[in-house]
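Look over the sequence and the model first.

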Amino acid sequence: MSQDASHDSPTQNLRRLVYYSRNRVTGAPAAMNETIRGILAVSRANNARVGVTGALMFNAGCFAQVLEGPGEAVESTFERIQQDERHGEVSLLAFEAVETRLFTEWSMAFVGASQADAARYGDLAGESGFDLSRMTGDKLCAVLHGLALEEEAAAA
Ligand SMILES: Cc1cc2nc3c(=O)[nH]c(=O)nc-3n(C[C@H](O)[C@H](O)[C@H](O)COP(=O)(O)O)c2cc1C
């Protein structure tokens, strides 16, 4: 059954999950872009079907993702994602009950790919390219949400 993220009921078991992982996609930039495009296309189709929304950031050797929606849908989506060999060392930062979604408009926003974002993300990830370990789920989620809003405004 298809679900509409704009019609969440307050009694629904809404959950938000935040993780980061190490990117294992290798190859020339064009091939990597193609891989990311594929992940996004599948994610958007699957997530829309089960009422999951969120954002994915990819840069500097890692992924960071927020998934939100009905608890079972978020869990089963994350189970699949964890088994994906295109990334590894998946670290869960948050999995919690929430009252409202942050990413209502996005079945999976893609953020952080622009030059400006890359510079800001570089600060977050640290010079090593992979130091999200000290980030809290709330902070990472806020960063992704800010980037999604900015990219939406820039595209308008
Ligand atoms: C970093 C990353 C994020 C992903 N995010 C999602 C997602 O939000 N939703 C989803 O369905 N699949 C996501 N995937 C893809 C899944 O791992 C898996 O390949 C896909 O769900 C399989 O879908 P299919 O059975 O329809 O082919 C992601 C993969 C990676 C590497």
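The points below cover the nonpolar cores and the pairing of strands.

This is a predicted model, where local features need pLDDT of at least 70, side-chain atom pairs count only at pLDDT 80 or more, and totals for chains, interfaces and linings use all residues. Residues are numbered from 1 along each chain as its sequence is written, and side-chain values use heavy atoms, with hydrogens and water left out.

**Nonpolar cores**
- A nonpolar core is a set of buried Ala, Val, Leu, Ile, Met, Phe, Trp, Tyr and Cys residues joined through side-chain atoms within 4.5 Å.
- Buried means under 20% relative accessible area, exposed over 50%, and partly exposed in between (1.4 Å probe, protein chains only).
- The largest nonpolar core has 20 residues, and Met57, Phe103, Val111, Leu140 and Leu144 touch the most other members.
- Strand 1 (14-23), strand 2 (53-59), strand 3 (62-70), strand 5 (109-111) and helix 4 (137-155) each supply at least two residues of this core.
- Helix 4 gives the most, with 6 residues.
- Apart from this core lies another, of 17 residues, including Leu17, Val25, Met32 and Ala73.

**Strand 1**
- Helices (H or I, at least four residues) and strands (E, at least two) are DSSP runs, numbered from the N terminus.
- Two strands pair if DSSP finds at least two bridges between them.
- Strand 1 runs antiparallel to strand 3, joined by 9 bridges.
- Serine 21 has phenylalanine 63 of strand 3 as its bridge partner.
- Strand 1 also runs antiparallel to strand 4 (residues 87-97), through 8 bridges.
- Opposite arginine 16 stands glutamate 96 in strand 4.
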